[in-house]
Amino acid sequence: MARHGFIQDDLDLKLLVLYIMDRVAAPITFLQLLELALCDAGVDYFSLNQAVSHMVETGHLSAEGERYAITEKGRHNSGICQSSLPYSVRRHCDDNLIRVNDALRREEQVRAVLTAQDNGACTLELYLADSSGPLMELRLLVPSREKGEALARRFKAAPEQTYQQIFALLERE
């Protein structure tokens with residue numbers, strides 16, 4: 001069956017993957033990569049999965065848990081070949097990358113990690129940073145996983161508000 005779109009074969013798809021991976025702000029999951037790669041009608045889940053697996057094997061990408069990152073080899077080859085991608089595909093990718101990179105940066109700046117303790121309680125670590133560095137690192141003991149998950153969700157929904165409220169509380173005399 002003939003493909004529609006500018007991405008016509010495995011090599012085109014690999015060039016697209018390198019283009020995207022060279023421009024993401026942090027390692028991404030396969031589903032995030034798929035969302036970015038679907039900017040062209042010639043891309044499908046199975047061919048992308050096969051291309052990514054091959055690129056990990058050849059050292060163009062590295063797998064870090066469930067996330068993928070570009071290697072120096074991949075970055076080098078991306079720089080050489082990026083002009084082979086049609087301008088319209090690159091532009092569409094760039095538009096999509098703005099949204100994804102904003103989310104990745106936000107994910108790096110706002111973190112909530114829950115760690116179970118032997119007694120059934122949990123430690124909740126909250127982290128907030130901006131472009132200049134960390135603003136807040138807070139470790140709390142919470143009575144249960146459920147309570148910790150609820151607090152983590154609330155913090156992630158409005159981390160700046162939490163920071164301001166803690167700051168205001170500490171400023172009170």
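Ile28 stands opposite Tyr68 in β3. This is a predicted model, and that pair belongs to an open sheet of three strands in the order β1-β3-β2. The largest nonpolar core has 31 residues, and α1 gives the largest share of this core, eight residues.

**The three-stranded sheet**

- Pairing in the sheet is antiparallel.
- β1 (28–29) and β2 are the edge strands, and each pairs on one side only.
- Two bridges join β1 to β3.
- Four bridges join β2 to β3.
- Leu61 has Ile70 in β3 as its bridge partner.
- Glu64 has Arg67 in β3 as its bridge partner.
- β2 and β3 form a hairpin with two residues between them. Gly65 sits in the turn, with a positive phi of about 70°.

**Helix α3 and its ends**

- Helix α3 covers residues 45–57, 13 residues in total. From first C-alpha to last it reaches 18 Å, close to the 18 Å expected at 1.5 Å a residue.
- Ser47, Leu48, Ala51, Val52 and Met55 are the buried residues of α3. They are on the same side of α3 because they cover an arc of only 130° around the axis.
- The face turned away from the buried side carries the exposed residues Phe46, Gln50 and Glu57.
- The cover over the buried residues of α3 includes α1, α2 (30–37), β2 (61–64) and β3 (67–70).
- Asp44 caps the N-terminal end of α3. One of its side-chain oxygens lies 3.0 Å from the backbone nitrogen of Phe46.
- Gly59 follows α3 and has a positive phi, near 85°.

**Helix α2**

- The buried residues in α2 are Phe30, Leu33, Leu34, Leu36 and Ala37. Seen down the axis, they fall within an arc of 165°, so they line one face of the helix.
- The elements covering the buried residues of α2 include α1, β1, α3, β3 and α5.

- Nonpolar side chains tend to be buried together in soluble globular proteins.
- In the core of 31 residues, those with the most contacts inside it are Leu16, Ile20, Met21, Leu33 and Leu48. At least two residues of this core come from each of α1, α2, α3, β3 and α5 (87–109).
- Leu16 touches Ile7, Ala37, Cys39, Val43, Leu85, Val89 and Cys93, not counting residues up to four places away in sequence.

**Lys14 in α1**

- Lys14 lies in helix α1 (residues 10–21).
- Lys14 counts as buried because its relative accessibility is 16%, and the cut-off for buried is under 20%.
- Leaving out residues up to four places away in sequence, Lys14 touches Ala51, His54 and Met55. Two of the residues named there, Ala51 and Met55, are among the buried residues of α3.

**His60, between α3 and β2**

- His60 is in the loop between α3 and β2.
- His60 is buried, with a relative accessible area of 14%.
- The side chains of His60 and Thr58 are joined by a polar contact of 2.7 Å.
- Beyond neighbours within four places in sequence, His60 is in contact with Leu18, Met55, Ala69, Ile70, Thr71, Lys73, Gly74 and Asn77. One of these, Ile70, is the bridge partner of Leu61.

**Leu138 in β6**

- Leu138 is found in strand β6 (residues 133–142).
- Apart from neighbours within four places in sequence, Leu138 is in contact with Leu124, Glu125, Leu126 and Ile166.
- Leu138 and Arg67 are 71 residues apart in sequence. In space they are 27 Å apart, C-alpha to C-alpha.

How values were computed. Residues numbered from 1 in each chain as written. Predicted model: local features only at pLDDT ≥ 70, side-chain atom pairs only at ≥ 80, totals over all residues. Heavy atoms only, no water. Buried < 20%, exposed > 50% of the residue type's maximum accessible area, 1.4 Å probe, protein only. Contact = heavy atoms within 4.5 Å. Expected span 1.5 Å × (residues − 1). Arc of directions from axis to C-beta. Polar contact = N/O pair within 3.5 Å; in protein donor to acceptor, adjacent residues only side chain to side chain. Core = buried A, V, L, I, M, F, W, Y, C linked by side-chain atoms within 4.5 Å. Pairing = 2+ DSSP bridges.
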